[in-house]
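Please open the model in your viewer and keep the selection panel at hand. The stops below go from the whole chain to single side chains.

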Amino acid sequence: MTRPPALAPAAVASPTRLRELDLLRFVAVGFVVLHHFAGVRSTVWAGRDAQKIYPELADVAHFGYLGVQLVFMISGFVILMSAWGRNAGEFAVARVVRLYPAYWVSVLLSLTLYLVCGSAVPYGDGADPVRRVLPNLTMLQDGMHIAPLEVVYWALWVELHFYVLIAIFARVGITYARCVTFMVSWLVIGAFAKEGGSAMLQTVVLPETAPFFIAGMAFFLLHRFGSNIALWLVVAASWALAVHYLVEGVSPLNAWKGVHEIVIPVVVTVFYVVMALAAFGRLSWLRWRLFTVLGGLAYPLYLVHETVARAIVKVFFPHPFLDRWTILPVIVTAAVASAAAVHWLVERPAQALMRPRLAAAIAQIRAGGARPAEPPTRAEPDDGPPDEGERPRRDAPAVPPASVP
């Protein structure tokens, strides 16, 4: 199948940055941090139940794990936005420079704190963290059935599945009609995979998390092209499946009989409503530039918050001068400060260093090994979180958002 013709320079345009999505991503990661610090038997407290340490926060913190689902939905929106008008090589470069620098730092930080103070995720198999470093540096450890150095890495493996699907999609050529076909097919194939019990097919299409990515993609199309009943049907179907899979597949750690069956549908519905409001510009008043800064911190904060907090708790808690209400702001502050350091001192410089070199490598591959005299460069807009930094090139004028039906 041939790709659509390349865009003419005059067709390229940069839409206004959706800073509300930056804020939503930071809030979603904040939910996860709250969950790990005060709502679950996490690695931070060396197997102790954080709900017993902070019973005052437990009822809310317990459901903070749902923040990851909001992250997946935002990824569906912004990854399709990022891939629109790009070829597979450009998309791959954008993803690598966004994901890997902070991730490598996270892996090395986890190893360093283990060697210095013995802080590590206490997996039951007793696997030596040192022996798991090299596979973890690839971000492919889950595929090799090797335990991650940090529990939170599981979400990156899920995101990688989505990126591969979008990269293949970008190779074919992303259009409005193909997007709708892709989303509907993904939902149906996911149901077939569950019906047939095919482990291979479920590994590829991730039926239980796919509804969130698909909903995000649908909201992007609604944002860009306006209301369409077919897209609303896709959103409705993804919502129904998302709620079902979360309620029926809740882990024993997160199960709360008689409560999670009610809270999960309510929270997921709120996520869908908020994303719909963002798609139709109803949250455009959330355009403070600071939100982009917060969005930039979201990814490294997700990566390092347990690593940093676990080491601090291991060394300083319990302590005569650090009770439970003193240690909590300490580990939160340390996690945010560490995320800021990773973002400003590692991510931004590494991205500036890696992007042109990877782009030149892709250009050489396309040229059959010949080195182009002038590797194509592309101006990048202001930096942001892993999924929001790149802005798409448009192949048609934007359609003003329609009213939500």
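A contact here means heavy atoms within 4.5 Å. With that rule, among contacts in the protein between residues at least 6 apart in sequence, 78% join residues at least 24 apart. This is a predicted model, in which local features need pLDDT of at least 70 and side-chain atom pairs count only at pLDDT 80 or more, while totals for chains, interfaces and linings use all residues. Residues are numbered from 1 along each chain as its sequence is written, and side-chain values use heavy atoms, with hydrogens and water left out.

Begin with a cartoon view coloured by secondary structure, where the protein comes to 14 helices and 0 strands; helices are DSSP runs of H or I with at least four residues, strands are runs of E with at least two, and both are numbered from the N terminus.

Next, select α13 (290-316) and α14 (324-366), each of which supplies at least two residues of a nonpolar patch. That patch, about 540 Å² of surface, is made by Trp288, Leu290, Val293, Trp344 and Leu345. Patch residues have over 30% relative accessible area and no salt bridge, and nonpolar side chains (Val, Leu, Ile, Met, Phe, Trp, Tyr) are joined within 5 Å, like charges within 9 Å; a salt bridge is a side-chain nitrogen of Lys or Arg within 4 Å of a carboxyl oxygen of Asp or Glu. Stay on Trp344, which lies in helix α14 and is partly exposed at 44% relative accessible area, the classes being buried under 20%, exposed over 50% and partly exposed in between (1.4 Å probe, protein chains only).

Finally, select Cys179, which is buried at 0%, and then Cys117, which is partly exposed at 21%.

Notes. Accessible areas come from the Shrake-Rupley method with a 1.4 Å probe; for residues, only the protein chains shown count as cover.
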